[in-house]
Amino acid sequence: MPRNALLTQDELDFIQNMQHNPQLNLRDASSSLTVNGGAQIRDLLTRLAAHDHVTIQAQFDNQQLTFPLHLVEDEFNAVHLRLGVPSIFEDGPMIRPWRLVLETPVALENIRGNPGALWVHEVSFKGVLVEGRGRFKPPKTFALWFSPSGYERIALRGTLQRVTARGLFAYRLSQSDADETERLRHFILHQHRLAHPHVHA
């Protein structure tokens, strides 16, 4: 290699290897969005997403996935539309959030990670159905941690709505932290993929 070369042969090999590495060239297909409707439609969607809540809705079988559209700025200061994590609903006599039924109930934990008396049987992005273990009166509200196996724990805040015929307690979730809400939606989306692989293929 000539003495005045800017890069060594090792550096050139590394750069070429990076360019041809298929793993590094993969895009996150679940979050990218290409609009093939011309500049007017793209501009309209961008303006709406900048000023209001815009969603894309997909229906299959008896379920609906509602994807929020967000404006994001890349490293070149260009603005793009990106799909957010969907809200999943199921049809029936009334449309309600899709509920993940846990195979094994999961205890809600305190800040130290100690399990309490409330055990989650079902979870959606709007609420949880819990069992109260031991002799106790269900709290009107709770602020505890949900730690499903294999996932980072998620902070939940719930308000008691009713007691079901099965003796379980239905709590409405009111997340104060957007990051925790997003993590709960990601967890539910991942579980929905496992339960309905044909939809996400």
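**Exercise 1.** With which residue does Glu131 form a salt bridge, and how far apart are the closest N and O atoms?

*Solution.* The model is predicted: local features need pLDDT of at least 70, side-chain atom pairs count only at pLDDT 80 or more, and totals for chains, interfaces and linings use all residues. Residues are numbered from 1 along each chain as its sequence is written, and side-chain values use heavy atoms, without hydrogens and water.

Step 1. A salt bridge requires a side-chain nitrogen of Lys or Arg within 4 Å of a carboxyl oxygen of Asp or Glu.
Step 2. The partner of Glu131 is Arg133, with the closest N and O atoms 3.3 Å apart.
Step 3. Glu131 is partly exposed at 23% relative accessibility (buried means under 20% relative accessible area, exposed over 50%, partly exposed in between; 1.4 Å probe, protein chains only). Arg133, at 35%, is partly exposed.

**Exercise 2.** Determine which parts of the chain the salt bridge between Glu122 and Arg99 ties together.

*Solution.*
Step 1. The closest N and O atoms of Glu122 and Arg99 are 3.5 Å apart.
Step 2. Glu122 belongs to strand β7 (residues 115-123) and Arg99 to the loop between β5 (96-97) and β6 (100-109), so the pair ties together parts 23 residues apart in sequence. Strands (E, at least two residues) and helices (H or I, at least four) are DSSP runs, numbered from the N terminus.
Step 3. Glu122 is buried at 11% relative accessibility, whereas Arg99 is partly exposed at 30%.
Step 4. Salt bridges link Arg99, Glu122 and Arg166 in a network.

**Exercise 3.** State how many salt bridges a search of the whole structure finds.

*Solution.* The search finds seven salt bridges.
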